[in-house]
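Hello,

I am passing on the structure we talked about. My notes on it follow below.

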Amino acid sequence: MKFLKTLDSKFFHDVIPAKPMGKYAHFITIRVTESYPLFQTDGELNKARVRAGIENKEPISRLAMFKRKQSTPERLTGRELLRNYKIGDWEKCDYNVDFSKTTPDCILYGFAIGDSGSEKSKVVVDTAYSITPFDDSHLNFTLNAPFENGTMSRQGEVTSRINSQDHILPQVFFPSIVTLKDPTEAGFLYVFNNILRTRHYGAQTTRTGRVRNELVGVIFADGEIVSNLLWTQKIYDVMSNATPKQINPPDPLNEDEVLEAATQAITALMSQECISHTDFFGASFTQLLSEVKSITSDETRLQEMLNQANAESSIYAQTWVLKSGKKDPKKDTKNNKKAAAVTE
């Protein structure tokens, strides 16, 4: 079943191949914070000391959004849809506990269940970095838990339920490239839809974590392309040259300028690549995005896509995963601690 008129069938496989076949779909994404998310480890925001740009060699600290912080919310979005429409082994598939090994989530995003089998992820996501420096991208908040009367004291006794936490500010931009290896058309749409729909990243609470994904393009290639860090550094250079001394302003960066600089930066970097690639930016990407949204926003067509993705994943699983995933009682079980860890 063909879904997209905008794209040539040469970009996709008819079935999910068992071995790498050299087809890559790269989703060129800018993640924009819209509240006060937390990307942290051991209670501290993740950050890295790196060079500001390619041309600008000054070292700066940047916020870091680790790969698992990106891929996990997106795959959970896909799993939610499969359950909603009761597609595949949605009742049997228990995330990070007992994967069914047959759903699009299991096959495309991977899984590892100790010595009971594993599947390497076909969706590749690397750590993303903020365009702006760490010091201008976060703020420390004091948090409290008042009594029902709205105060911190009751019957003359003051509660000690006060804490402080660094939060990432709204309108901080994280350039991120999501890569799907050897896509089928349905698999491409499944991952695309997950990126578009996912709205919360980082530490999952009820009131923070809102992030919007703005896609600026899609690149089909016969290999991997530039890293998130290099793309971020190029964006920094482009914006610094366009508005000198304005890359580190007291106010948030202008989103339109960021998206324009992001497109200019990735186009410049791709012109230096040694691989064959077909780029969709500007008008061509607008047309593609419109067609994708027309599918994902139509309940009937969305279910058709999900059913197609599930059928392809099930065939792949029956052929390559389930046969090789039988438990060998003689196998060393020292890696049991890794059970239920999702393959990166």
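What share of the 344 residues in the protein is buried? In this predicted model, buried residues make up 51% of them.

The protein has seven helices and 16 strands. Of the contacts between residues at least 6 apart in sequence, 78% join residues at least 24 apart.

I looked at one helix pair in detail. Helix 4 spans residues 228-242 and helix 5 spans residues 255-270; their axes come within 8 Å and cross at roughly 120°. Because angles of 65 to 115 degrees count as roughly perpendicular and those over 145 as roughly antiparallel, helix 4 is classed as oblique to helix 5. The crossing of helix 4 past helix 5 is right-handed. On the helix 4 side the contact is made by L230, W231, K234, I235, V238 and M239. Helix 5 contributes E257, V258, A261, A262, Q264, A265, I266, A268 and L269. Sorted by class, this contact has twelve nonpolar residues, one polar and two charged.

T103 sits in the loop between helix 1 (67-84) and helix 2 (104-109). Its relative accessibility is 3%, so T103 counts as buried, the cut-off being under 20%. Leaving aside residues up to four places away in sequence, T103 touches L82, D89, C93, N310 and S313.

Regards

Conventions
Residues are numbered from 1 along each chain as its sequence is written. This is a predicted model: local features need pLDDT of at least 70, side-chain atom pairs count only at pLDDT 80 or more; totals for chains, interfaces and linings use all residues. Side-chain values use heavy atoms; hydrogens and water are left out. Axes are lines fitted to C-alpha atoms, for helices over the stretch in contact, and angles run from 0 to 180 degrees between N-to-C directions. Helices (H or I, at least four residues) and strands (E, at least two) are DSSP runs, numbered from the N terminus. Angles under 35 degrees count as roughly parallel, over 145 as roughly antiparallel, 65 to 115 as roughly perpendicular and the rest as oblique. A crossing is left-handed if the near helix is turned anticlockwise from the far one by less than a right angle, and right-handed if clockwise. Contact means heavy atoms within 4.5 Å. Ala, Val, Leu, Ile, Met, Phe, Trp, Tyr, Cys and Pro count as nonpolar, Asp, Glu, Lys and Arg as charged, and the others, Gly among them, as polar. Buried means under 20% relative accessible area, exposed over 50%, partly exposed in between (1.4 Å probe, protein chains only).
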